Amino acid sequence: MSSYQVVKGARDIFPDEMVQWNYVEEVICRLAGVFGFNEIRTPVFEYTELFQRSIGASTDIVGKEMFTFCPDGSERSITLRPEMTAGVMRAVLQKNLFASAPVQKLYYISELFRKERPQAGRQRQFTQFGAELLGASSPAAVAEVIMFMMQVFGELGLDGLRLRINSLGSADDRRRYREELRSYLAPHYGMLDQASRERFEKNPLRILDSKNPDMQEIVSGAPKLHEHLGDEARRDFDQVLGYLAGRGIDFSIDHLLVRGLDYYSYTAFEVSCTALGAQDALGGGGRYDSLALELGSPKEVPAAGFAVGMERLLIAMQKQRLLPEAVPPGPEVFIIVPQQEFFDHAFDIAARLRSAGIGTTIDLAGRSMKAQLREANRMRAASALFVGGDELASGLFPLKDLASSAQEALSLDAVIGRLRHASIIKTRQP
Ligand code: HAM
C-alpha cells in the first residue's frame with residue numbers, strides 16, 4: 001500500500017490490459033501503413049498561444065479545460081496538449097516538410113490532457129489515435145481520412161456505429177450565417193442558458209449542438225446552415241458523400257453538427273457508438289484549411305483529419321466482447337532452480353537462452369521449487385527447464401512441456417534447438 005493514489009481523471013494501464021491495447025494499436029498501425037500514413041510524435045506540451053490560436057479562444061477546451069503553467073516566471077506560458085492537430089501542423093510547418101513532399105499523411109497514438117469533470121469515458125489524461133492529411137483537402141482526401149477511421153473500426157469488428165456528417169461551408173458562408181443566426185436568436189436571448197449566452201457573441205454556431213433540450217427547442221426553428229452554403233461548399237460536400245456512399249460507408253447528414261473546435265470548415269464529422277454511455281462520441285474530425293494561416297503560415301495549407309478516443313474505443317470493444325483475453329503472453333521457458341546454491345549457473349543458462357532469442361524467465365525471489373513451478377504455470381510458460389546439481393554434473397537438463405507434462409532430459413544445445421524451433425513456429429502463427 002502506498003499513501004498515494006493515481007491522480008483524479010488519470011488511470012494506470014497494467015500488463016493484462018496492455019495486451020488489449022497492443023492488439024488495438026497493432027491494427028491501427030497496420031492499417032495506417034495500408035493507407036500510407038506515417039507515425040509522428042510531438043511533445044506533450046506546446047506554447048499556450050498555439051492552442052488559443054488554433055482551437056479557438058471561445059471554445060470550452062481553451063476557455064476552461066487546459067492545464068497551463070509557466071515553468072518559471074520569465075518564460076512563456078506552456079500547456080499540456082489538449083489535442084494533437086495543432087501540434088502536428090506546427091511541427092510540419094516548422095520543419096517545412098512540404099518542401100520534400102507536398103502531401104504529408106501522418107498518424108499518432110498519443111496522450112492528451114483536458115481538465116474536464118472525470119466520469120466513465122471522460123478522463124483528464126486520455127489517449128487518441130488519429131490521422132492528419134496535410135497538403136490536400138479535396139473531397140477524396142477528406143473521404144480517405146474517414147475511410148481509414150472506419151476501416152479500423154471495421155477490422156476491430158465494432159458494431160452500433162453512427163457516422164454523422166455536415167458541411168460547415170466556407171468562412172464566408174459561416175460569416176453570413178452567423179449574422180442570420182444571431183438575428184434569429186436575439187429575441188430568445190432571455191431564454192438562453194448561460195453557456196449559450198456566452199456563445200451568442202463569440203460563436204453562436206456552437207448553440208446549434210447544445211445538449212440542453214430547451215436550447216434544442218429554440219434552435220429547431222433557427223435558419224439552417226445548409227441553406228446558406230455557397231455553390232462550392234455544396235459541390236464539395238456532395239462529392240465527399242458520393243465517395244463515402246461509393247465505398248459502402250453508412251452515414252447520416254446532421255445539419256446541426258458543429259464540433260467543439262473552431263478550426264473546421266467545409267466537412268466535419270463525428271462517430272458515436274451505441275455501446276458507450278453518456279460519453280458516446282468515439283471520434284470526430286473534419287477539414288481545416290485555415291489552421292496553418294492561424295499559426296502564421298504565409299499561405300493556406302489544405303488539410304483534413306480525425307481523432308478517436310482510445311479509452312472509449314476499448315470500452316466499446318469490451319462491451320461488445322471484441323477484446324482478446326487480458327493475459328500477457330507467458331515465456332517460452334521458466335527455469336526452475338531446485339537448490340539455490342546453483343542459482344548462478346542457472347542464471348548463466350538463462351542468459352544463453354535469451355541470447356539465442358528464447359523468451360526465458362528465472363525465479364529471482366529464491367522461492368521453493370514448488371512455488372517456482374506454480375509461478376511457471378501461472379505465467380503460462382510453455383515449458384520448464386530444471387537446473388540443479390545433478391543436471392549440471394550430467395549436462396542433461398529435464399525440459400518439461402507444461403501443457404502435456406511430457407518431459408525429456410536434453411543437453412543444453414538440444415534444449416536451445418528445441419525451444420528455438422518452438423518459438424519460430426509460434427511467431428509464424430497469425
Ligand atoms: P475531439 O472531438 O475533441 O477532436 O476529440 C476526439 C475524440 O477524443 C472524442 O470523440 C473522444 O472519443 C476523445 N476524447 C475527447 N476528450 C476526451 C476525454 N476527456 N476523455 C476521454 N476521451 C476523450 C479532436 O481532438 C480533434 N483534434 C480531431 C481532429 C483531428 N480534427 C482534425 N484532425
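# Report on a predicted structure

## A starting residue and the model

At 34% relative accessibility, Tyr189 counts as partly exposed, a class that lies between buried (under 20% relative accessible area) and exposed (over 50%), as found with a 1.4 Å probe on protein chains only. The structure is a predicted model, in which local features need a pLDDT of at least 70 and side-chain atom pairs count only at pLDDT 80 or more, while totals for chains, interfaces and linings use all residues. Residues are numbered from 1 along each chain as its sequence is written, and side-chain values use heavy atoms, with hydrogens and water left out.

## Aromatic pairs

A pair of aromatic rings is described by the distance of the centres and the angle of the planes. Across the whole structure, a search finds nine aromatic pairs, where rings of Phe, Tyr and Trp (its six-membered ring) pair if their centres lie within 6.5 Å, and planes under 30 degrees apart count as stacked, over 60 as edge-to-face and the rest as tilted. One of these is formed by Phe148 and Phe306, an edge-to-face pair with 5.7 Å from centre to centre and 75° between the planes. This pair links distant parts of the chain, since Phe148 belongs to helix H5 (residues 139-156) and Phe306 to strand S11 (residues 303-309), 158 residues apart; here helices (H or I, at least four residues) and strands (E, at least two) are DSSP runs numbered from the N terminus. Both Phe148 and Phe306 are buried.

The rings of Tyr189 and Phe200 have their centres 5.2 Å apart and their planes at 75°, so this pair, too, is edge-to-face. Tyr189 lies in the loop between helix H6 (171-185) and helix H7 (194-202), whereas Phe200 is in helix H7, eleven residues apart. Phe200 counts as buried because its relative accessibility is 9%. Elsewhere, Phe35, Phe37, Phe129, Phe148 and Phe306 form one aromatic cluster.

## Charges over rings

Which ring lies under the charged end of Arg76? That end sits over the ring of Tyr47, 3.8 Å from its centre, where a charge sits over a ring if NZ of Lys or CZ of Arg is within 6 Å of the ring centre and within 35 degrees of the ring normal. Lys115 lies over the face of Phe67, at 5.6 Å from the ring centre.

## Helices that pack together

The axes of H5 and helix H10 (residues 231-246) come within 9 Å and cross at roughly 45°; axes are lines fitted to C-alpha atoms, for helices over the stretch in contact, and angles run from 0 to 180 degrees between N-to-C directions. H5 and H10 are therefore oblique to each other, given that angles under 35 degrees count as roughly parallel, over 145 as roughly antiparallel, 65 to 115 as roughly perpendicular and the rest as oblique. Where do these two helices meet? Pro139, Ala140, Val142, Ala143 and Ile146 of H5 meet Asp236, Gln239, Val240, Tyr243 and Leu244 of H10, contact being heavy atoms within 4.5 Å.

The axes of helix H1 (residues 15-35) and helix H12 (residues 310-319) come within 11 Å and cross at roughly 110°, and these two helices are therefore roughly perpendicular to each other. On the H1 side the contact is made by Gln20, Trp21, Tyr23, Val24, Glu25 and Ile28, and on the H12 side by Met310, Glu311, Leu313, Leu314, Met317 and Gln318. Helix H2 (residues 48-55) and helix H4 (residues 85-94) pack at an angle of about 110°, with their axes 9 Å apart, which makes H2 roughly perpendicular to H4. There, Leu50, Phe51 and Ser54 in H2 meet Ala86, Gly87 and Arg90 in H4.

## Individual residues

Arg259, in the loop between strand S8 (252-253) and strand S9 (265-273), has a phi near 80°, a positive value in a residue other than glycine. At 12% relative accessibility, Arg259 counts as buried. Tyr266, which is placed in strand S9, has a phi near 55°, a positive value in a residue other than glycine, and is buried, with a relative accessible area of 7%.

Ile13, in the segment before H1, counts as partly exposed at 31% relative accessibility. Leaving aside its neighbours within four places in sequence, Ile13 is in contact with Met18 and Trp21.
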